Amino acid sequence: MTENLDAQRPARAGGGSRHVLLVHVVIPLALFYGLRWLGVNQFLALLAGAVIPAVGAVRGLVTERRIGGLQLFLLGTIALTVAMSFVTGSPRLLLIRNGWGLAAIGVWILCTLLSQRPFLYEATRVVVDKGKQRTLAGNWDRYPAFRRMLWISSAFWGVACLIDSTARIVMAMTLPIDLVPVLDDVLLGVTVLAILAFQRFFGRAYLRCNGLRSRGLTITPINPVNPITSAGKST
């Protein structure tokens, strides 16, 4: 029974990713442009889109019964941004909420560089089964180059999130309001692709430069020492 549950964990992680994409990207975007098409003003249309992720975050907190500092910060920024938007009546303040959220995530990822293990190690550990968790831990203990690669890749994640958040805030304050929501999602796609491309190509190249080959989480030396050859040389 336990093995079956472990085998299903990657599938649940994939389903979780689709759920996040649906709640934070697809539904708010469709809701905004649908309401605009019906003649709803920009402020209310953006507000309706902002409510969906907030409700999803609150539901997640209630369901998991676990409150993290990052989750509280993100909910706080959403609430503060919405409150300020009501005070000023400016839809542009609603547009920058995603920028603040990604800035918080970027800072949090960079803060994990000061911990025992960086963000990318913990994120990988969460989405794989127990067998691959043991492989991950073994790679971490055995190969210093693997550890350095995860530190560098995690730093790239954090910096990329901060650059993305800056670009979102600039777009929100300067571009036509009706154009910004779709550009936000385009920017998200570009950022994710850049992160994944860096992680894949840099990670493999870095390990190869350090004499290691990577196939998923399986790390092996490119030129392993042959015990028989070594024994012959020693004699």
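Predicted model: local features only at pLDDT ≥ 70, side-chain atom pairs only at ≥ 80, totals over all residues.
Buried here means under 20% relative accessible area, exposed means over 50%, and partly exposed is anything in between (1.4 Å probe, protein chains only).

Residues are numbered from 1 along each chain as its sequence is written, and side-chain values use heavy atoms, with hydrogens and water left out.

**Salt bridges**

There are 4 salt bridges in the structure, each being a side-chain nitrogen of Lys or Arg within 4 Å of a carboxyl oxygen of Asp or Glu. Here are some of them:

| Pair | N to O distance |
|---|---|
| Asp178 and Arg36 | 3.0 Å |
| Glu122 and Arg125 | 3.0 Å |
| Asp164 and Arg168 | 2.4 Å |

Helices are DSSP runs (H or I, at least four residues), numbered from the N terminus. Arg36 has 26% relative accessibility, so it counts as partly exposed.

Glu122 and Arg125 are 3 residues apart in helix α6, so about one helical turn separates them. Asp164 and Arg168 sit 4 residues apart in helix α8, again about one turn, and both are buried. Together with Asp184, Asp164 and Arg168 make up a network of salt bridges.

**Aromatic rings**

The model has 7 aromatic pairs, meaning rings of Phe, Tyr and Trp (its six-membered ring) with centres within 6.5 Å; planes under 30 degrees apart are stacked, over 60 edge-to-face, and the rest tilted. Phe156 and Phe198 are stacked, because their ring centres are 3.9 Å apart and their planes are at 10 degrees. Phe156 lies in helix α8 (residues 144–174) and Phe198 in helix α9, so the pair ties together parts 42 residues apart in sequence. Phe156 and Phe198 also belong to one aromatic cluster with Phe202 and Tyr206.

**Helix α6**

What is buried in helix α6 (residues 119–127)? Phe119, Leu120 and Tyr121 are. The buried residues of α6 pack against α5 (97–111), α7 (130–142), α8 and α9, where contact means heavy atoms within 4.5 Å.

Methods: Helix = DSSP H or I, 4+ residues; strand = E, 2+ residues; numbered from the N terminus.
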